[in-house]
Amino acid sequence: MWIEKETGGDDQVILSGILTYVVVMYLPGSARMPLWKWNGLVLTILLHMGPVEFLYYWFYRALHHHFLYSRYHSHHHSSIVTEPITAVIHPFAEELVYFLLFVIPMLSILFTGTASVGVMVGYVTYIDFMNYMGHCNFELVPKWVFNIFPFLKYLMYTPSFHSLHHTQFRTNYSLFMPLYDYIYGTMDKSTDKLYEDSLKGRKETPDVVHLIHPTTLQSFYHLPPAIASLASEPYSSRWYLSMLWPIPYGFMLFTSIIGSTITVERNIFHKLKLQTWAIPRFSFHYSSSSQKDTINNLIERAIFEAENEGVKVLSLGLLNQGEQFNGNGDVYLQKHPNLKIRIVDGSSLAVAVVLHCIPKGTKQVLLRGNISKVVCAIAKNLCQRGIQIGVVFKDNYDKLKLGIPTELWINLVISTSYTQKVWLVGDGELSEKEQRRAPEGTHFIPCSQFPPKKVVRNKVCIYYNTPAMVIPKAPQNVYSCENWLPRRVMSTWRVAGIVHALEGWDVHECGDIMLDIEKVWLASC
């Protein structure tokens, strides 16, 4: 997987730090430099355009000879579709040579007494910015730059220029200045056309959209566009991310100004194009009455955007389908009954998965948490099987009776003994005290989108993931984890939207609507 190959970016940071320390400690004049010197800037520019770019071109071209390529540079080219972190993924020997090239201007201005803090910092920033820009895989250099300054095409490359090198391998070898590719005839002939096409862009219309939101402030960094290495692992809290809290708040402020969702993931499954969109709000916003209208407007806007793009199915993930929040999505159907796009809350598949998780031979279960559409359907199905359902609170008992036929009430009981060895956990906090009362070997099976907090440590209990399914090998570009789930495991709410589109079902599944549970289960297997 590319994400495992691109976890060596810290090599360059460590190497740069060590060598910079050596330079500052042992080279004369490096510890006390003036803020700025113009002659140092001119010398740095000339040395970069000359020796650095020239030597890099031939060294980089040599790396693509089969002897060196197979032993060294092929690791960098394992990423045909690049992203910024790809820029610093190289074997250690390559990193060392690059560092020796880049210090030519810096050592030269040190030894000539023309060095300054501004030029040193500016040159390092230039190298990093251009390196990351060249691997970002989307075109961000506007055309008017080259229209006003035509000669820049020889002095500044573009992301599309370097992306061609990663796909064609034998062209576009230059560092940041394509000048030497023009001189030695290695400029790819399709460079200009790709640049033009990239600027125009190509609108990709997805077939299925899954609508989510970040859960906690730290979960922002687990979104694929944020930190890919974190996104590739199940979500867990990390202490050092707490220090970066202004960033997710800045993201929320920026997206609230533009008033739109963001696309966080794109996948392909057979002929279906899948996208995941995120509402720029966190879980704690959904519990605020002052945010209810704002968030519902964002969801409604996302539905209309998907409708206008020709999306077939939009599935509501996490709190975007809250029963108290928007009636499991029914609010949008009531306001817009003629929607062509199908809204799916995934309840039927969630019920099916939970039912298949209950161990065979189970005679009684304990139901904890709030009563929801999914919980009611599970309870009804279990009562039909003759399985006794224990409920701790009377108000939950009364709510369940409303959704279960009278002849099945015999299987509903109010129970505070906590002796059942299968606990179905819905929304709502499951206290540590309650979990400690569970008998050894208890199965904690979530029937909501959020997992219960594990606190039982002195007993052997089994905690299940939230309702989810392992996906087949066919889906492409599945490099990230969905919240706390392992990679290539999708929540049933997300899978339900995909199944809905694959089967071509022309009905909504939201509000009080439930599909045939067995039919949905068979279609998803």
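Predicted model: local features only at pLDDT ≥ 70, side-chain atom pairs only at ≥ 80, totals over all residues.

Trainee: What does Lys 373 form a salt bridge with?
Mentor: Lys 373 forms a salt bridge with Asp 345, the closest N and O atoms being 2.7 Å apart, where a salt bridge is a side-chain nitrogen of Lys or Arg within 4 Å of a carboxyl oxygen of Asp or Glu. Lys 373 lies in helix H18 (residues 373-384) and Asp 345 in the loop between S5 and H17, so the pair ties together parts that are 28 residues apart in sequence. Helices (H or I, at least four residues) and strands (E, at least two) are DSSP runs, numbered from the N terminus.

Trainee: Is Asp 345 buried or exposed?
Mentor: Asp 345 is buried, with a relative accessible area of 0%, and Lys 373 is buried as well; buried means under 20% relative accessible area, exposed over 50%, and partly exposed in between (1.4 Å probe, protein chains only).

Trainee: Okay, other pairs: what does Arg 494 bridge to?
Mentor: Arg 494 forms a salt bridge with Glu 265, with the closest N and O atoms 3.4 Å apart. Arg 494 lies in helix H21 and Glu 265 in strand S2, so this pair ties together parts that are 229 residues apart in sequence. Arg 494 counts as buried at 10% relative accessibility, and Glu 265 is buried too, at 11%.

Trainee: And how enclosed is H21?
Mentor: Of the 12 residues of H21, 10 are buried, so the helix is largely enclosed by the rest of the structure. Just after H21, Gly 504 takes a positive phi of about 70°.

Trainee: Switching to S2, which way does it pair with S3?
Mentor: Strand S2 (residues 262-269) pairs with S3 in the antiparallel sense over seven bridges, pairing being called if DSSP finds at least two bridges between two strands. The two form a hairpin with two residues between them, and His 270 in the turn has a positive phi of about 55°. Strand S1 (residues 208-212), by contrast, pairs with S3 in the parallel sense over five bridges.

Trainee: How many residues of S3 are buried?
Mentor: Six of the seven residues of S3 (residues 272-278) are buried, which leaves that strand mostly covered.

Definitions and conventions:
Residues numbered from 1 in each chain as written. Heavy atoms only, no water.
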